[in-house]
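This report goes through the packing and the charged pairs of one protein model. Please keep the sequence and the structure in view while reading.

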Amino acid sequence: MDRSIEQRYAIKFCFRLGKTASETFAMITEAYKEHALSRAQVFRWFNEFKNGRKSVEDMERSGRPSTSRVDKTVAKVKELLDSDRRLSLKMIADEVSMNKFTVHQIVTQDLMMRKVCAKLVSQVLPANKSLVTSYLTRIGVEVLPQPPYSLDMSPPDFFLFPKVKRCLKGHRFDDIPNIQRAVTKALTGITPTDYSGTYKAWKTRWQRCVDAQGWYFEEY
């Protein structure tokens with residue numbers, strides 16, 4: 001029996017036992033280890049069965065054969081990345097005979113993986129950077145060498161800006177003063193606990209980037 005079909009039966013069995021999607025994913029991962037379906041796949045099939053689906057087989061599609069992200073292809077991409085995280089999208093696409101766009105969707109959506117620090121663009125002017133470095137050195141703060149800019153490594157990008165954007169989402173502002181007041185309110189609403197948690201998450205991101213050496217790995 002195809003391994004992905006076998007796991008779909010297991011997912012259906014877990015659903016019938018009253019397990020949650022998260023519990024099912026944990027059990028599938030424990031049982032199948034590196035051959036387990038991705039979290040996105042497990043949750044998708046769990047919801048299919050929850051919505052009344054009976055069959056574990058892929059539904060036949062009419063018309064032109066699709067280069068769709070079927071489980072077998074997703075599993076193949078995962079196998080390739082597990083063997084070498086440095087593979088480019090083009091190399092993977094050539095290996096599985098699929099276009100780069102679909103491979104990118106498989107990597108980022110089905111496997112929930114990302115590639116960090118592949119291309120780092122500095123957004124700090126050299127003069128300002130020198131002034132900041134000199135000041136920190138003068139007051140005795142140790143400066144750690146880091147990539148000049150990366151969304152995954154910058155707390156404002158992965159914590160502060162998204163938090164402010166969520167507060168502003170759905171609101172319309174007639175003038176700049178109203179925007180300023182709304183942003184100020186959002187910023188003052190951030191608690192010390194929020195900042196503390198962000199610092200811990202920041203350190204986790206450092207380690208993940210170091211371990212991955214700037215290449216593909218699962219979401220944080």
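Does Arg53 count as buried or exposed? The model is a predicted one, and in it Arg53 has a relative accessibility of 15%. The cut-off for buried is under 20%, so Arg53 counts as buried.

## Surroundings of Arg53

Arg53 sits in the loop that runs between α3 and α4. Its side chain comes to 3.0 Å from the backbone oxygen of Ser55. The side chain of Arg53 also forms a salt bridge with that of Glu48, at 3.7 Å from N to O.

## Gln41 in α3

Helix α3 covers residues 39-50 and includes Gln41. Gln41 has a relative accessibility of 3% and therefore counts as buried. When neighbours within four places in sequence are left aside, the contacts of Gln41 are Asp71 and Val74.

## Nonpolar cores

The largest nonpolar core has 15 residues, and the members that touch the most others are Val77, Leu81, Ile92, Val103, Val107 and Leu111. Two or more residues of this core come from each of α4 (71-83), α5 (89-96) and α6 (100-110). Another core lies apart from it and has 13 residues, including Ile11, Ala21, Ile28 and Val56.

Not counting residues up to four places away in sequence, Val103 touches Leu89, Ile92, Ala93, Val96 and Met98.

Which residues of α5 are buried? They are Leu89, Ile92, Ala93 and Val96. Viewed down the axis of α5, these buried residues fall within an arc of 100°, so they line one face of the helix. An α-helix has 3.6 residues a turn, so residues three or four places apart point the same way.

Asp94 has a relative accessibility of 52% and so counts as exposed. In total, the model has 2 salt bridges; the other pairs Glu48 with Arg53.

After α5 comes Ser97, which has a positive phi, near 55°.

How values were computed:
Residues are numbered from 1 along each chain as its sequence is written. This is a predicted model: local features need pLDDT of at least 70, side-chain atom pairs count only at pLDDT 80 or more; totals for chains, interfaces and linings use all residues. Side-chain values use heavy atoms; hydrogens and water are left out. A nonpolar core is a set of buried Ala, Val, Leu, Ile, Met, Phe, Trp, Tyr and Cys residues joined through side-chain atoms within 4.5 Å. Buried means under 20% relative accessible area, exposed over 50%, partly exposed in between (1.4 Å probe, protein chains only). Helices (H or I, at least four residues) and strands (E, at least two) are DSSP runs, numbered from the N terminus. Contact means heavy atoms within 4.5 Å. The arc is that of the directions from the helix axis to the C-beta atoms. A polar contact is a pair of N or O atoms within 3.5 Å; within protein, one must be able to donate a hydrogen and the other to accept it, and residues adjacent in sequence count only if both atoms are side-chain atoms. A salt bridge is a side-chain nitrogen of Lys or Arg within 4 Å of a carboxyl oxygen of Asp or Glu.
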